[in-house]
Amino acid sequence: MLTLLKLLKDGRFHSGQALGAALGVSRSAVWKQLKHLEAELGLSIHKVRGRGYQLASPLKLLDPAEIEHLAPSCAWPALVSDSIDSTNAEALRLIERQHAAPFLVLAERQTAGRGRRGRKWVSPFAENIYYSLVLRIDGGMRQLEGLSLVVGLAVMQALREQGVPEVGLKWPNDVLVGQKKIAGILLELVGDPADVCHVVLGVGINVNMQMTEEVDQQWTSMRLESGKMFDRNQLVAELGVMLQKYLARHQVGGFSAVQSEWEQNHLWQGRAVSLIAGVNRIDGEVLGIDSQGALRLRVDGVEKVFSGGELSLRLRNDS
Ligand code: BTN
């Protein structure tokens, strides 16, 4: 089915006969595959008598050679799938099979994309970026401190560099435009964090997505913000450049090396918030973050510090 898609991706008309000849199947088999493409990948295909079939809009697929050409100095070996359950899940399977880190897993779509706190990450075909970078960490806990916040900074800068200037951060690792989520980060760890471990830096960026009814929170995409289409290969290359830069700063100076830059970009600095931890809720005012990336809140006049992957922040009505 994806071979057929690759024949159509130029956005031109292709006759059923030519497609059948290229695939070695009959015209009716071509027609069946086209119906599958529409149903499974949500693509729209025009059929015009006498001319053949054409994708409603041309597709540009992920291309590891192009990504490497655009950012040769930070080209981690990339494994690109047309369709996978989750790039993070695939990265974890590869670690299990001793695949040598660092490496990158990318996919055109995810059928079971994972979000934070058990949520799903909506991952339509060829519209967004689903990116998992695997690093081996053997420097102990310091190299993990605030790591997800560092990734947030790199993602934010990559988006700004590509033409979405309004993007900012929300603790711990949401990337937002105003109140709307444009990118999310999910770190998963295997091994002993105090000794040798592997960390999967999972990044999802809403790039060209314009419509979905599946997302259960306010969201936006680079295209919705700017009104133009983005080249995902360029964005992957840009993200590689930014990740390399921020990970190097973090490795040398720890999280405190980027703490103030992170705070300057925190959209909810000084705001009245509720911190949600399961069924518990703590109301306070955001003071900032500490040198390990933990959240500093003023609660009933006293400063308190919070960290942990299962926490989330909401703005209070009086904020
Ligand atoms: C969040 O909930 O904000 C985190 C979303 C992280 C989504 C990305 S997409 C690539 C990687 N693979 C996954 O299954 N999840 C992460």
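A: Among the things covering the buried residues of helix H5 are strands S3 (78–81), S4 (103–107), S5 (129–137), S8 (180–191) and S9 (197–205). Contact here means heavy atoms within 4.5 Å, and buried means under 20% relative accessible area, with exposed being over 50% and partly exposed in between (1.4 Å probe, protein chains only). Helices (H or I, at least four residues) and strands (E, at least two) are DSSP runs, numbered from the N terminus.

Two quick notes on the source. This is a predicted model, with local features needing pLDDT of at least 70 and side-chain atom pairs counting only at pLDDT 80 or more, while totals for chains, interfaces and linings use all residues. Residues are numbered from 1 along each chain as its sequence is written, and side-chain values use heavy atoms, with hydrogens and water left out.

Back to H5, which spans residues 87–96 and is mostly covered, with 7 of its 10 residues buried. Those are Thr87, Asn88, Ala89, Glu90, Ala91, Leu94 and Ile95. Just past H5, Gln98 has a positive phi of about 65°.

Along with S5, S7 (174–177), S8, S9 and S14 (312–315), H5 gives at least two residues to the lining of the second largest pocket. A pocket, on a 1 Å grid over the protein atoms alone, is an open set of points where a 1.4 Å probe fits, with protein on both sides within 12 Å along at least five of seven lines; lining residues have an atom within 4 Å of a point. This one holds about 790 Å³ of space, a volume being the space filled by probe spheres set on the points.

The lining has 43 residues, and nearest the centre are Arg119, Trp121, Asp174, Lys181 and Gln217. S8, one of the strands covering H5, gives the most, with 5 residues. By class there are 16 nonpolar, 15 polar and 12 charged residues in this lining. Here Ala, Val, Leu, Ile, Met, Phe, Trp, Tyr, Cys and Pro count as nonpolar, Asp, Glu, Lys and Arg as charged, and the others, Gly among them, as polar. Domain 2 (64–263) and domain 3 (272–315) each contribute at least three lining residues; those bounds come from an automatic or database domain assignment.

Follow S9 onward and you come to Asn208, in the loop between S9 and helix H7 (222–226). Asn208 is buried, at 7% relative accessible area. A polar atom of its side chain lies 2.8 Å from the backbone nitrogen of Phe230. Leaving out residues up to four places away in sequence, Asn208 touches Glu127, Asn128, Arg223, Lys228, Met229, Phe230 and Arg232.

Glu127 turns up again in the largest pocket, as one of the residues closest to its centre.

Technical notes
Polar contact = N/O pair within 3.5 Å; in protein donor to acceptor, adjacent residues only side chain to side chain.
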